[in-house]
Amino acid sequence: MLKLEHVSVTFHPGTQLEKKALTDVSVTIHDGDFVTILGSNGAGKSTFFNVIAGKIPVTSGKVFLDEEDITEQKEHIRARQIGRLFQNPAMGTAGELSVEENLALAYSHSQRGMFSRAVTNADREFFAEHLKTLDMGLEDRLKTPIGLLSGGQRQAVALMMAVLNPPKILLLDEHTAALDPKSAHKILEITNQLIKQEQITALMITHNMKDALENGSRLLIFHDGRITKDFSGAEKSALKPEDVIHFYEV
Amino acid sequence: MTVNVLLKALELGLILAVLSEGVYVSFRILNIPDMTVDGSFSTGAAVVAVSTMAGQPYLGLCWAFLAGCVCGLVTAFLQTKMKIQPLLAGIITMTGLYSINLRIMGSMPNMPLLSLDPDCASMFDTVDQPLLVLIPLIAVLALVLYWFFKTNLGLQIRATGDNEAMVRSSSINVDRMKFIAFGLSNGLVALSGALFAQYNHFADVTGGTGMMVIGLAGIIVGEAIIQKRTIGFGILSAILGACIYRVLYTLALQFGVPSGDMNLISALLVAITISIPYIRKKRRGEYA
């Protein structure tokens with residue numbers, strides 16, 4: 001369970017550039033939730049993610065993960081429990097390393113010591129088996145430097161990396177926005193599949209209203225640094241894009 | 001060029017291959033040019049000189065490696081904890097090291113490697129042919145490096161150099177990776193400096209000047225010959241390149257190029273080679 005209590009973030013406080021990115025945001029994300037997030041540019045969605053991931057400090061308020069106060073915890077410590085995917089596929093993978101090395105980066109150090117081999121034959125089989133479920137032929141390209149793959153393929157591997165060690169919370173920051181429609185659809189399909197399979201609690205920022213409505217169990221709408229709407233279950237299922245566009249102006 | 005001269009060039013080439021491996025770790029793997037090298041190379045020489053005077057030439061090589069590691073840690077500290085730009089951090093450490101190296105050598109700008117027992121003033125005195133110790137040494141070193149960069153820790157360091165932003169958002173401590181890599185890199189550089197001093201039987205406080213570019217030249221020559229960029233071939237190309245570069249260097253000297261001009265030639269070689277990919281891209285762009 002992820003809980004934010006009265007979180008505010010102000011950039012450049014006390015100067016002319018002062019900007020309130022988040023204002024008194026309180027929200028509880030329950031285990032197993034798949035939350036989609038909508039909001040116009042500058043509404044505070046990315047700041048919200050950055051606060052959860054520990055990339056930027058809160059100005060006031062607290063962040064809890066499973067009752068533990070993680071407000072002051074460093075980014076790389078939190079990353080053990082919080083996975084994150086970015087819009088740019090190049091962000092989530094190391095281009096010069098091979099597919100299997102990228103996967104090993106996410107997986108092997110949790111299995112073995114720092115001085116043991118990063119990619120064993122058993123790992124290779126394990127990776128191939130997992131990649132096969134994506135149905136993109138990636139299992140045959142384990143040795144290929146990942147920079148040579150397409151954006152969609154890279155993002156699929158990044159997604160796989162995020163879930164090989166299932167995180168408590170998975171943050172998806174417009175992770176399909178930079179892909180062509182077909183790849184975007186495929187990645188979203190895989191996202192749903194993996195989230196269900198590994199029972200991950202996930203939050204997904206998107207600018208695509210249809211995606212926000214068709215996926216997930218809960219919808220948050222950000223406006224001007226606040227969460228202005230929060231729909232769950234049946235209420236969310238009943239929403240139509242026409243309804244949602246109206247909330248952007250609220 | 002006589003066989004003897006060629007052998008000498010190969011010997012020096014193998015010694016400087018260790019330097020190239022060190023530069024490879026910072027420049028290619030971590031993707032950060034590290035000027036500490038010019039200082040830590042001399043540190044290695046200074047430490048081994050003092051240790052040899054105390055009758056410990058072999059242990060001196062270990063001390064040199066460790067002293068080099070410390071130099072690297074200082075640069076890593078300046079970069080990561082003090083947020084100083086990488087190049088400047090290296091230059092600061094290098095500048096400070098000049099004084100420290102002088103202190104290590106008891107304020108003597110150069111120092112012969114003498115020992116009470118004339119047979120063990122250096123590792124190279126124990127064999128007739130220096131290549132007999134150099135080849136196994138470099139081979140073991142290359143294998144250890146290869147093994148290291150295939151471990152989880154090695155992989156994390158490589159990823160840090162490749163995509164720092166991604167590594168930052170993962171559970172890997174980026175700063176720690178830089179400390180380890182800079183430590184290892186400068187440890188190797190200092191070891192090379194120590195071998196260089198033992199080979200020449202003297203240590204010079206200015207001996208490190210230009211060594212970063214010399215190390216880089218080895219890598220670049222190697223990469224021109226071995227086109228593959230995987231970690232194994234990378235390590236190999238640094239060794240091969242350093243040797244070939246030294247042979248070419250010796251050839252140039254044989255043809256009467258003044259030794260004082262050699263640094264300029266090395267600098268030009270590195271500058272031109274590094275800019276070739278950009279020039280090619282630009283020309284392709286123009287004609288496309």
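Reader: What makes E7(A) and strand E8 of chain A a pair?

Author: The model is a predicted one. In it, five bridges join E7(A) to strand E8 (residues 201-205) of chain A. Pairing asks for at least two bridges, so with five bridges E7(A) and E8(A) count as paired. The two strands run parallel. One of the bridges can be found by residue: A:Leu172 has A:Met204 in E8(A) as its partner.

Reader: Which way do strand E6 of chain A and E7(A) run, and how many bridges join them?

Author: Strand E6 (residues 82-85) of chain A runs parallel to E7(A), and four bridges join the two. Across this pairing, A:Gly83 stands opposite A:Leu170 of E7(A).

Reader: Why is strand E7 of chain A called largely enclosed?

Author: A residue is buried if 20 or more other C-beta atoms lie within 10 Å of its own. Five of the five residues of strand E7 (residues 169-173) of chain A are buried, so the rest of the structure largely encloses this strand. The burial is found on both faces of E7(A). A:Ile169, A:Leu171 and A:Asp173 lie on one side, A:Leu170 and A:Leu172 on the other, and all are buried.

Reader: Which elements of chain A make the β-α-β unit with E7(A)?

Author: The unit is made of E7(A), helix H6 (residues 181-198) of chain A and E8(A). Its hand is right. For that name, with the strands pointing away from the viewer, the path from the first strand over the helix to the second must run clockwise.

Reader: Is A:Glu174 buried or exposed, and how do you know?

Author: A:Glu174 lies in the loop between E7 and H6 of chain A. The cut-off for a buried residue is 20 or more other C-beta atoms within 10 Å. A:Glu174 has 20 C-beta neighbours inside 10 Å, so it counts as buried.

Reader: What is the phi of A:Glu174?

Author: A:Glu174 has a positive phi of about 50°, although it is not a glycine. Most residues other than glycine have a negative phi.

Reader: Where does A:Glu67 lie, and what is its phi?

Author: A:Glu67 lies in the loop between strand E4 (60-65) and E5 of chain A. Its phi is near 70°, a positive value in a residue other than glycine.

Reader: In which order do the four strands of the open sheet in chain A lie?

Author: The order is E2-E1-E4-E5 (chain A), and the pairing is antiparallel.

Reader: What makes strand E2 and strand E5 of chain A edge strands?

Author: Strand E2 (19-29) and strand E5 (68-69) of chain A each pair on one side only. Strand E1 (residues 2-11) of chain A pairs with E2(A) over seven bridges, in the antiparallel sense. Within E2(A), A:Lys20 is the bridge partner of A:Thr10.

Reader: Why does the radius of gyration of chain A agree with a compact globule?

Author: A compact globule of 250 residues would have a radius of gyration near 18 Å, and chain A has 19 Å, so the two agree. The C-alpha atoms of chain A fill a box of roughly 55 × 40 × 35 Å along the principal axes. Of its 250 residues, 44% count as buried.

Reader: Why does the radius of gyration of chain B agree with a compact globule?

Author: For 288 residues the globule value is near 19 Å, and chain B has 19 Å, so it agrees. Buried residues make up 51% of chain B. Its secondary structure comes to eleven helices and two strands.

Reader: Which residues of chain B does UniProt list for "transmembrane region"?

Author: An unreviewed UniProt entry lists several spans of chain B under that name, among them 12-30 and 205-226. In the model, residues 12-30 of chain B are 95% helix, with end C-alpha atoms 26 Å apart. Residues 205-226 of chain B are 68% helix, and their end C-alpha atoms lie 34 Å apart.

Reader: How many residues does the contact take from chain A and from chain B?

Author: The contact takes 24 residues from chain A and 18 residues from chain B. On the side of chain A that touches chain B, helix H2 (75-78) and helix H3 (99-111) of chain A each supply at least two residues. H3(A) gives the most, with five residues. By class, this side of chain A has ten nonpolar, seven polar and seven charged residues.

Notes
Residues are numbered from 1 along each chain as its sequence is written. Chains are lettered from A and ligands numbered from 1 in the order in which they are written. This is a predicted model: local features need pLDDT of at least 70, side-chain atom pairs count only at pLDDT 80 or more; totals for chains, interfaces and linings use all residues. UniProt positions are given in the numbering used here, feature names are shortened, and annotations may be inferred rather than shown by experiment. Two residues are in contact if their C-beta atoms, placed from the backbone, lie within 7 Å. Ala, Val, Leu, Ile, Met, Phe, Trp, Tyr, Cys and Pro count as nonpolar, Asp, Glu, Lys and Arg as charged, and the others, Gly among them, as polar. The radius of gyration is taken over C-alpha atoms; the globule rule is 2.2 Å times the number of residues to the power 0.38. A residue is buried if 20 or more other C-beta atoms lie within 10 Å of its own, exposed if 12 or fewer, and partly exposed in between; C-beta atoms are placed from the backbone.
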